[in-house]
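Hi there,

Here is the structure I promised to pass on to you. Please open it beside this email and follow along as you read.

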Amino acid sequence: MQARIWIVTVHTSSEGAVALAASNKKPVIVWFRNDLRLNDHAALAAAMERGGDIYPVYILEDGANLRARGGASKWWLDKSLKSLRSDISEKGGKLICRCGDARKIIPELVDEIGAGAVYWGRRYGKPEREIDSSIKSALTDDGIEAKSFNTCLLTEPWSYETTSGGYYKVFTPYWKSVKATYSAPSPFSTPESFSGAGIDGDRIEDWGLHPENPDWSEGFSDLWQPGEAGAKERLSDFLDDGLRSYKTARDRPDISNGTSGLSPHLAHGEISPAQIWRSVTGRINRGLKEDDSAWTFLSEVVWREFSYVLYYHNPDFGWENYNKKFDEMPWRKNKSALEAWQDGQTGYPIVDAGLRQLWHTGWMHNRVRMIVASLLTKHLLIHWRDGETWFWDTLVDADPASNAAGWQWTAGSGADASPYFRIFNPITQGQKFDETGKYVRKWCPELKDLPGKYLHAPWEAPSDVLEKAGVKLGDTYPKPIIKHAEGRQKALDAWDTLKEKQDA
Ligand code: FAD
């Protein structure tokens, strides 16, 4: 493919300025990964600045120790890629899709396109980093420019160090440091048009990302609009309707829009965290009264960053206990209990509601994620890895860093983790955070006619109340899989055994 004169209009949206760039450089490949957007994309902006036709590429990677995507994440990817393809096509370009080992495909594409450069956004898992650095050195050896950029995080996982050196292992000082020093750069330029001719690629439709036989994704599309436009809309709705009350509403699964619902958009990079930071701090600077709510929201965005710090500095964080003491924990293999938990049939309404919400929508409220994870790892003493694996398959926001961090935090094995003896009580958690019962009634409709007093502990209801509500415990709704006091004691005993082993 011949290099051609290429003219693109580049605009820096912060200043509204318009600049023209022209070049006769060889084309540049922009390799999209977990950054499926055109706005505020450092690698794309750098490609525009460099000059030359831009060839946008996506590779459905396999092999080389990469963890296979879960089903819900594939569902999202399917729609997100189609949305990116259409956004690029509206600007006269073509998203080139290929499937296979990127170490083979990228050099092939360089040859086919006659590219002089490949730009991409960084990823932070060990196998991905190994792939990327081997591609980078192979390209560089061949005289092809290879550059990587931060497209997914506010700051790189190595950017902040404690005063004694080393990465942060505790969230609060990390957050304080980010809050005091971080300011989002001006947004990166967005291409107004693409001028590369494009080459053949796979059809996204042929990749089988959308589930079939059975198609379990029915409830997903009612709730989600994958893609950059959907992300933008969700942020704007949240800024208007959710941000002000976030601090109090964020723990309430019964309040719709209590949280932003931005996680799957962030996980696929349809919006950058810097875009969120800019929008929220913009409101604070313009005098938002509820600024502590806004800062609380930003601190949650920074939890995501903190998860990446842990994940980057501990390459096996996704499957090994961060706190090695937990290697001795007497976890139990209990297939039937794990399945009852996955199916939302534990007999604890708040837990079952959460797991059913997850199955039907691909998402679960953060408070409920903690409650269900605590029941699995503590009451049932099932390894956090089994829970993490289920979430990986069923969450549309499945993220290697945040998922591992969330599970290790709840199980007690993580950095800055909830202490092991903090065992969530699924009854009082339900009563406190689903006070209205709206959440449980929605996801466990067989309990909908129970009075609020018994909703989170149906086994405590007198038989006439159960009968009136049409609930037959052990028939229409399960009895608790384990009594709370018994589960709690078992978990504490396991912890004591662990400590004794350590002390011996
Ligand atoms: P909001 O409350 O609106 O927060 C805004 C953004 O901040 C989120 O979109 C998310 O990117 C980030 N965020 C918020 N809370 C956390 C947190 N505790 N840790 C890291 N980032 C956070 N989040 C994922 O994105 N992917 C996962 O795979 C994932 N697995 C989890 C597993 C467990 C066991 C637990 C306890 C938490 C997990 N989380 C995960 C974190 C959190 O539950 C979700 O990010 C949050 O529920 C997403 O909803 P939201 O976008 O409405 O969040």
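Below is what I found, going from the whole chain to single residues.

First, please keep in mind that this is a predicted model. The protein averages a pLDDT of 93, and 95% of the residues score at least 70. Over residues 1–22, though, the pLDDT is below 50. That stretch still has 57 contacts in the model beyond near neighbours in sequence.

Next, the domains. The assignment gives domain 1 (14–151), domain 2 (153–187 + 227–313) and domain 3 (324–503). Domain 2 is written as two segments, so to speak, in that listing: 153–187 and 227–313.

How do domain 1 and domain 3 meet? Their C-alpha centres lie 40 Å apart, and the contact takes nine residues from domain 1 and seven residues from domain 3. The size of an interface is often given as the accessible area lost when the parts come together. Between domain 1 and domain 3 the buried area is about 620 Å², with carbon and sulfur atoms giving 52% of it. One salt bridge is counted between these two domains.

Now for a pair of helices. Two packed helices are described by the angle between their axes and the distance between the axes. Helix H13 (residues 349–361) packs against helix H15 (residues 384–394) at an angle of about 35 degrees, and their axes are 9 Å apart. H13 brings Leu 355, Leu 358 and Trp 359 to the contact, while H15 brings Trp 390, Phe 391 and Thr 394. By class, that makes five nonpolar residues, one polar and no charged.

Two spots in the backbone deserve a look as well. Most residues other than glycine have a negative phi, and most peptide bonds are trans. Asp 40 has a positive phi, near 50 degrees, and sits in the loop between strand E3 (28–32) and helix H1 (42–50). The peptide bond from Asn 213 to Pro 214 is cis, with omega near 0 degrees. You will find Pro 214 in the loop between strand E8 (190–191) and helix H6 (220–223).

Finally, the count of salt bridges comes to 31. One of them joins Asp 40 to Arg 278, with the closest N and O atoms 3.2 Å apart. Arg 278 is in helix H10 (residues 273–285) and Asp 40 in the loop between E3 and H1, so the pair ties together parts that are 238 residues apart in sequence.

Happy exploring!

Terms used: Residues numbered from 1 in each chain as written. Predicted model: local features only at pLDDT ≥ 70, side-chain atom pairs only at ≥ 80, totals over all residues. Heavy atoms only, no water. pLDDT = per-residue confidence, 0-100. Contact = heavy atoms within 4.5 Å. Axes fitted to C-alpha atoms, helices over the stretch in contact; angles between N-to-C directions. Helix = DSSP H or I, 4+ residues; strand = E, 2+ residues; numbered from the N terminus. Nonpolar A, V, L, I, M, F, W, Y, C, P; charged D, E, K, R; others polar. Buried area = accessible area lost by both parts, 1.4 Å probe. Salt bridge = Lys/Arg side-chain N within 4 Å of Asp/Glu carboxyl O.
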